[in-house]
Amino acid sequence: MKQLRLYRSILREEGWSGLTKKAGKPVAIGLFLFFLLKGIAWLVLAYGGFELLF
């Protein structure tokens, strides 16, 4: 959990290029996939919830 906070702070301050320089490509790819999957999950929940209501 502590590492995730560190990576997110690097991402906010220096962007994706700073993250790849400091933490490496695997961390940048993993963080990107985490946020991508998180966004897709919210979309599925929102769309699925909408379909259940109507």
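Is Lys22 buried or exposed? Lys22 is exposed, at a relative accessible area of 56%, where exposed means over 50%, buried under 20% and partly exposed in between (1.4 Å probe, protein chains only). Please keep in mind that this is a predicted model, in which local features need pLDDT of at least 70, side-chain atom pairs count only at pLDDT 80 or more, and totals for chains, interfaces and linings use all residues. Residues are numbered from 1 along each chain as its sequence is written, and side-chain values use heavy atoms, with hydrogens and water left out.

**The salt bridge**

- The structure holds one salt bridge, a term for a side-chain nitrogen of Lys or Arg within 4 Å of a carboxyl oxygen of Asp or Glu.
- Its partners are Lys22 and Glu14, whose closest N and O atoms are 2.9 Å apart.
- Glu14 is partly exposed, with a relative accessible area of 37%.
- Side chains of opposite charge can pair when their charged atoms come close.

**The nonpolar core**

- Five residues make up the largest nonpolar core: Ile10, Leu11, Leu19, Ala28 and Leu31. Such a core is a set of buried Ala, Val, Leu, Ile, Met, Phe, Trp, Tyr and Cys residues joined through side-chain atoms within 4.5 Å.
- Helices α1 and α2 each supply at least two residues of this core, and the largest share, three residues, comes from α1. Helices here are DSSP runs (H or I, at least four residues), numbered from the N terminus.
- Leu19 sits in helix α1 and counts as buried, at 0% relative accessibility.
- Leaving aside neighbours within four places in sequence, Leu19 is in contact (heavy atoms within 4.5 Å) with Tyr7, Ile10, Leu11, Gly24, Ala28 and Leu31.
- For Leu19 and Tyr7, which are 12 residues apart along the chain, the C-alpha atoms are separated by 7.0 Å.
- In soluble globular proteins, nonpolar side chains tend to be buried together.

**The nonpolar surface patch**

- A nonpolar patch on the surface is formed by Trp16, Ile29, Phe32, Leu33, Leu36, Leu37, Ile40 and Val44, with about 770 Å² of accessible area together. Areas come from the Shrake-Rupley method with a 1.4 Å probe, and for residues only the protein chains shown count as cover.
- Patch residues have over 30% relative accessible area and no salt bridge; nonpolar side chains (Val, Leu, Ile, Met, Phe, Trp, Tyr) are joined within 5 Å, and like charges within 9 Å.
- Helix α2 (residues 25–53) gives the most to this patch, with seven residues.

**Aromatic pairs**

- The whole structure contains two aromatic pairs. Rings of Phe, Tyr and Trp (its six-membered ring) pair if their centres lie within 6.5 Å; planes under 30 degrees apart count as stacked, over 60 as edge-to-face and the rest as tilted.
- Trp16 and Phe32 pair edge-to-face, at 6.1 Å centre to centre and 75° between the planes.
- Because Trp16 lies in helix α1 (residues 2–23) and Phe32 in helix α2, this pair ties together parts that are 16 residues apart in sequence.
- Phe34 is partly exposed at 42% relative accessible area, and Phe35 is partly exposed at 27%.
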